[in-house]
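Let's take a walk through this model together, moving from one local feature to the next and then out to the whole chain.

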Amino acid sequence: MSLPPLLQAFKSMRPAKVLVLGDMILDRYTYGNAQRISQESPVIVLHADDQELRLGGAANVCNMLRGLDCHVVAAGVHGRDESGSQMVELAQQSGIDTRLIACDASRPTTLKERFVGRAGSRHPSQILRVDHEKTEAIGDWLVEKIFSGIENQIEDFDVILISDYAKGVCTPKLLQMVIDLANKHDIPTLVDPMRGHDYERYRGATLLKANRIETELASGVSLKTVADASAAGSQLCQQLDLQDVIVTLDRDGMALVSRDGASCHFPTQARSVYDITGAGDMVLAMLGACLGSGLDRENSVRLANVAAGLEVEKSGVAVIPLAEIEAELRTDLLPGQKKIVTHEQIASIADEHRRRGEKIVFTNGCFDLLHFGHVTNLTEAAKMGEVLVVGLNSDESVSKLKGPTRPVISETERSAMLAALSCVDYVVVFGEDTPYDLIKAVRPDILVKGGHYVPEEIPGYDILQEYGGEIRLVDIVGGFSTTDIIQKVAANETIRRTAA
């Protein structure tokens, strides 16, 4: 079967070498229960129980690019403080080259501190954000230091991304020096601009990606329709000597406008939008990964559209790996493909659902010759929480457990059948004799087993005991088993041959 053109383009990508210049930010999230009002004043009391540090701003773009397997060099500024050390450490742990992030002792590292509360069974919500920052333009000595570092490595880059959060790094002088240098070496520069009226600092860039509000402010054109976006984009191309402008139009998709006046609209697919945070960064990162890899503009925008759609289905800012994008592109070829994930992926997926306050249920089995008993037990397990993760024994694992004639159906086909069930949210194949390591990765709220097990003897019992998870036993539906079905088919075949 030939692959769809967009999937073919995606499969042709190679790891791009990317420079990200911009405002490096550290995001700190404090989570807790918010179920009462203070007696001291009419404010919500947050009973904190968890804290998380994430890369934000241009550093988040770097992190997203690493998720897309790009080689990433970050250029920016941090303060001589704990937040700066934490940001650099997080970046290095993600494989980001931080040697071009300069230290400025006169300014704090930009820190956005968010407090997120859970109330009852509702999704967690941000109740307060505190910003620690200094937004004045960096000094000329820092401009020269950052530019010198970029100039020394310029031939190492396939593409340069500028992520301007208006925190002082992207000065007009530095940007023009970098854009001119990139143009001299025929390296495309992609800009995610600050919100404002004066975009002269981006003059001569290859591509500018702006959202609806940013485009309206920069062009003075009110964007009521896709045609308005095309007109505004064309105006910015001429005004700023840009090759292309991409206008992101949230639910209306994206418009790609070129200097020659050509325009193309890329509608978005209908999705369950959970959180739009990070969608703009994801678009910039995917565009950089694609264009840096040599893909054409149209396919690059299409893939950026897909990646942004996956991003808004997550809570907060999330890294979208290449495997998840490929699974999305393969959905039309194999329904349910998005549900089949790896051992590595399920850990972050489970964390995502936990952040939403959703209860995770786990069960496992061989599911060889999927039958009514399997479906009944899976349906029952799904009712115990919001997310059902199914661990599936690999072919080799099934053979060890059931004998050399099993499985009858391969793990690829068994995965697809399980994923096609509406009650199943994720399927993970494991090759060990037991799903112990998988349970450790998922950390389910509820572990479901069928039959008359002693809880203490169930693999993973000790893991659940550590954090207060629960084991539930369900009755096996009588009269249904793979072994019985195989024996019945064999008996019927014997009868048929005898009668013949």
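In which loop does Ala166 lie? Ala166 belongs to the loop between β8 (159-163) and α5. Before you zoom in, please keep in mind that this is a predicted model. The backbone at Ala166 deserves a look: phi is near 60°, a positive value in a residue other than glycine. With a relative accessible area of 37%, Ala166 is partly exposed.

A second residue of this kind can be found further along the chain. Arg443 is not a glycine, yet it has a positive phi of about 50°. Arg443 is found in the loop between α15 and β18 (446-450), and at 35% relative accessibility it counts as partly exposed.

Now step back into helix α15 (residues 436-442), where Ala441 is found. Is Ala441 buried or exposed? Its relative accessibility is 16%, and so Ala441 counts as buried, the cut-off being under 20%. Leaving aside residues up to four places away in sequence, Ala441 touches His343, Ile346 and Ala347.

For another pair of positions, turn to helix α13 (residues 395-402), where Lys402 is found. Lys402 is partly exposed, with a relative accessible area of 46%. Between the C-alpha atoms of Lys402 and Leu240, 162 residues apart along the chain, the separation is 68 Å. In the loop between α13 and α14 (411-419) you will find Pro407. A cis peptide bond joins Arg406 to Pro407, with omega at about 5°.

Let's return to α5 and see how it packs. Two packed helices are described by the angle between their axes and the distance between the axes. For helix α4 (residues 140-153) and helix α5 (residues 172-184), the axes come within 10 Å and cross at roughly 15°. Angles under 35 degrees count as roughly parallel, and therefore α4 and α5 are roughly parallel to each other. The crossing in which α4 passes α5 is right-handed. On the α4 side, the contact is made by Asp140, Val143, Glu144, Ile146, Phe147, Ile150 and Glu151, while α5 brings Lys173, Leu174, Met177, Val178 and Leu181.

Helix α2 (residues 58-67) and helix α8 (residues 279-292) pack at an angle of about 50°, their axes being 9 Å apart. That angle makes α2 oblique to α8. Here, too, the crossing in which α2 passes α8 is right-handed. Asn60, Val61, Met64 and Leu65 of α2 make the contact with Asp281, Met282, Leu284, Ala285 and Ala289 of α8. The residues in the contact of α2 with α8 comprise seven nonpolar, one polar and one charged.

Thr189 has its place in strand β9 (residues 189-192), and with a relative accessible area of 0% it is buried. Which residues does Thr189 touch, not counting those up to four places away in sequence? They are Ile160, Ile179, Ala182, Ala205, Thr206 and Leu207.

Next, look for aromatic rings. How many aromatic pairs does a search of the whole structure find? The search finds two. Tyr29 and Tyr31 form a stacked pair, 6.1 Å centre to centre with 10° between the planes. Tyr29 counts as buried at 6% relative accessibility, and Tyr31 does as well at 7%. Tyr199 and Tyr202 form an edge-to-face pair, 5.2 Å centre to centre with 75° between the planes. Both Tyr199 and Tyr202 are buried.

Of the 500 residues in the chain, 51% are buried. Among contacts between residues at least 6 apart in sequence, 70% join residues at least 24 apart.

Technical notes. Residues are numbered from 1 along each chain as its sequence is written. This is a predicted model: local features need pLDDT of at least 70, side-chain atom pairs count only at pLDDT 80 or more; totals for chains, interfaces and linings use all residues. Side-chain values use heavy atoms; hydrogens and water are left out. Axes are lines fitted to C-alpha atoms, for helices over the stretch in contact, and angles run from 0 to 180 degrees between N-to-C directions. Helices (H or I, at least four residues) and strands (E, at least two) are DSSP runs, numbered from the N terminus. Angles under 35 degrees count as roughly parallel, over 145 as roughly antiparallel, 65 to 115 as roughly perpendicular and the rest as oblique. A crossing is left-handed if the near helix is turned anticlockwise from the far one by less than a right angle, and right-handed if clockwise. Contact means heavy atoms within 4.5 Å. Rings of Phe, Tyr and Trp (its six-membered ring) pair if their centres lie within 6.5 Å; planes under 30 degrees apart count as stacked, over 60 as edge-to-face and the rest as tilted. Buried means under 20% relative accessible area, exposed over 50%, partly exposed in between (1.4 Å probe, protein chains only). Ala, Val, Leu, Ile, Met, Phe, Trp, Tyr, Cys and Pro count as nonpolar, Asp, Glu, Lys and Arg as charged, and the others, Gly among them, as polar.
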